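Thanks for making the time this morning. I would like to walk through the side-chain contacts and the helix packing in the structure on the screen, taking one kind of contact at a time.

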Amino acid sequence: MILNRISIVNFKNIEAANLALSPKINCFIGHNGAGKTNFLDAVYYLSFCKSAFGVRDSQVLTHDKDFFVVEGDYVSADGTNENIYCGMKRGQKKHFKRNKKEYRRLSQHLGLIPLIFVSPSDSILIEGFSEERRRLMDVVISQYDHNYIEALTSYNKALQQRNSLLRQEEEPDASLLELWEEQMAEYGETVFHGREAFIGELIPEFQNIYRQVSGDNETVSLRYVSHAQRGPLLDVICRDRAKDRAVGYSLHGIHRDDLEMLIGGYPMKTEGSQGQAKTFSLALKLAQFNFLRRTSNTTPLLLLDDIFDKLDARRVEQIVRLVAGDDYGQIFITDTNRENLDKILRHTGPGYKIFDVVDGDISEREE
C-alpha cells in the first residue's frame with residue numbers, strides 16, 4: 001500500500017497540511033518539537049484509528065480548535081485506489097470511513113494498511129512493564145488475524161466481569177464466576193496460540209537483523225512467557241481463586257503474558273548499553289515489518305522517527321543499507337538535520353522527497 005496524498009487539519013500542532021508524497025522515501029527535517037513526530041502519528045492514525053502514543057482522541061485535537069480531520073489517498077499493489085477519512089468534532093465521537101462509507105466497527109479497518117512505527121519511545125519495550133510488550137505483540141498480530149483481535153477483545157471483557165465479581169463485598173455467585181472463567185480460558189487459548197506462533201516465527205528474523213546491524217558482535221534472543229504454558233488455561237485461572245478474591249483481581253491469565261528480551265542470555269534491561277538497547281528495539285520492529293510483509297501479502301508502510309540517536313557510525317551505516325534496499329516500500333523518516341538522511345539518500349535512486357517542518361508547518365523542499 002502506498003500513501004499518495006495526505007490532508008491534515010487541526011491534528012496536534014499541525015493546523016493544516018496537504019502533501020503529495022513520494023512512493024519511496026519521504027524525509028521530514030526540523031527541530032525537536034517542530035511537529036515531525038506529529039505528522040508520523042497522523043499517518044499511523046489512518047492505519048490504526050488511534051494515536052501511536054496511547055492518548056485520547058480529544059488530545060490529538062489542536063488546542064482551541066473544534067474539530068480535526070486526517071484523510072489519506074492510497075493505492076494498493078494491484079492499482080486499487082483507497083480513500084481513508086477520519087474526522088471528529090470536539091465532544092463527539094470520531095467518524096472513520098473507507099471510500100466514503102463509515103465502518104460499523106473500527107476493528108474492521110485493522111490490517112487494511114499495515115504499518116510499522118519505529119520511534120525513540122520504543123525504549124519502553126525494554127524498560128517498561130509487560131503491558132508494553134503484550135501491546136507490541138497485539139499490534140502486529142491484529143493486522144493480519146481478525147480472529148485474534150476478536151478473541152482478545154472477548155477475553156478482556158470476560159476478565160473485567162470476573163474482576164468485578166471478585167471485588168464485591170459479598171461472596172460472588174459461583175456460577176457467574178465459572179461462566180467468565182470459562183470464557184477467559186476459551187478466548188485466552190486463542191490469544192496464547194496466536195502469540196506463541198508469532199514469536200516463534202519472529203525470533204530468527206529478529207536475530208538476523210540484529211546481527212546485520214551490530215556486526216555480529218552480540219547474541220540476542222526473545223522468550224515468550226505465559227501462564228497458558230503451565231497447563232490447561234481454565235485450571236490455571238481457577239487455581240488461586242481464593243487469592244484472587246483477597247486481592248480483588250485475576251492473578252493468572254494471558255493478561256499477564258510477557259516477552260523476555262535477552263542479550264548474552266541476560267536481561268537487556270540490566271545488561272545492555274543504550275546503543276545495544278536501541279539496536280534491539282529497532283531490529284525487533286524491522287523483523288515485525290518483514291513478518292507483516294509475508295503474512296499480509298502487501299508491503300507495510302515504514303515510519304522511522306529519529307532512529308539515529310545513540311547509535312555509533314557503524315550501526316547507522318548498517319541501518320542505512322538495510323532500509324535503502326529493495327525489500328522496503330514507502331518510508332517516512334524524520335531527523336533534526338540533513339546529514340544522516342543524506343547517507344540514506346545516497347543509497348537510493350531518484351524519487352525521494354524532503355519536507356521542512358517548522359512549528360507545525362510542513363513544506364516540500366525543492367531539490
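Let me start with a salt bridge, the one between lysine 94 and aspartate 57, where the closest N and O atoms are 3.2 Å apart. Lysine 94 sits in the loop between strand S5 (81–89) and strand S6 (95–98), while aspartate 57 belongs to helix H2 (residues 57–60), so this contact ties together parts of the chain that are 37 residues apart in sequence. Please keep in mind that this is a predicted model. As for how the two partners are placed, lysine 94 is buried, with a relative accessible area of 15%, whereas aspartate 57, at 21%, counts as partly exposed. Those two values fall on either side of the cut-off, because buried here means under 20% relative accessible area.

How many salt bridges does a search of the whole structure find? It finds 18, and I will take up a few others.

The next pair is aspartate 257 with arginine 195, whose closest N and O atoms are 2.9 Å apart. This pair links distant parts of the chain, since aspartate 257 is in the loop between helix H8 (241–247) and strand S10 (258–263), arginine 195 is in helix H6 (residues 174–214), and the two are 62 residues apart. Are these two residues buried or exposed? Aspartate 257 is buried, with a relative accessible area of 0%, and arginine 195 is buried too, at 2%.

Glutamate 364 counts as partly exposed, at 39% relative accessibility. Beyond individual pairs, there is also a network, in which salt bridges that share partners join Arg162, Glu181, Arg241 and Asp244.

Let me turn now to the aromatic residues, where the structure holds 17 aromatic pairs. In one of them, the rings of phenylalanine 11 and phenylalanine 68 have their centres 6.0 Å apart and their planes at 75 degrees, so the pair is edge-to-face; the cut-off that matters for this is 60 degrees, since planes over that angle apart count as edge-to-face. Phenylalanine 11 comes from strand S1 (residues 2–11) and phenylalanine 68 from strand S4 (residues 67–75), so the contact ties together parts that are 57 residues apart in sequence. Phenylalanine 11 counts as buried, at 0% relative accessibility, and phenylalanine 68 is likewise buried, with a relative accessible area of 0%.

Tyrosine 44 and phenylalanine 48, on the other hand, form a stacked pair, with 4.4 Å from centre to centre and 20 degrees between the planes. Both belong to helix H1 (residues 36–48), and because they are four residues apart in that helix, they are separated by about one helical turn. Tyrosine 44 is buried at 5% relative accessibility, and phenylalanine 48 is buried at 7%. I would also point out one aromatic cluster, formed by Phe28, Phe39, Phe332 and Phe355.

Cysteine 86 is in no disulfide, and the nearest cysteine sulfur, which belongs to cysteine 49, is 7.2 Å away. Cysteine 86 counts as buried, at 0% relative accessibility, and cysteine 27 is also buried, with a relative accessible area of 1%.

Finally, a few words on how the helices pack. Two packed helices are described by the angle between their axes and the distance between the axes. Helix H6, which carries arginine 195, has an axis that comes within 8 Å of the axis of helix H10 (residues 274–296), and the two axes cross at roughly 125 degrees. H6 and H10 are therefore oblique to each other, and H6 passes H10 in a right-handed crossing.

The other helix pair I picked is helix H11 (residues 313–323) with helix H12 (residues 338–345), whose axes come within 9 Å and cross at roughly 50 degrees. H11 and H12 are therefore oblique to each other, and H11 passes H12 in a right-handed crossing.

Key:
Residues are numbered from 1 along each chain as its sequence is written. This is a predicted model: local features need pLDDT of at least 70, side-chain atom pairs count only at pLDDT 80 or more; totals for chains, interfaces and linings use all residues. Side-chain values use heavy atoms; hydrogens and water are left out. A salt bridge is a side-chain nitrogen of Lys or Arg within 4 Å of a carboxyl oxygen of Asp or Glu. Buried means under 20% relative accessible area, exposed over 50%, partly exposed in between (1.4 Å probe, protein chains only). Rings of Phe, Tyr and Trp (its six-membered ring) pair if their centres lie within 6.5 Å; planes under 30 degrees apart count as stacked, over 60 as edge-to-face and the rest as tilted. A disulfide is a pair of cysteine sulfur atoms within 2.5 Å. Axes are lines fitted to C-alpha atoms, for helices over the stretch in contact, and angles run from 0 to 180 degrees between N-to-C directions. Angles under 35 degrees count as roughly parallel, over 145 as roughly antiparallel, 65 to 115 as roughly perpendicular and the rest as oblique. A crossing is left-handed if the near helix is turned anticlockwise from the far one by less than a right angle, and right-handed if clockwise.
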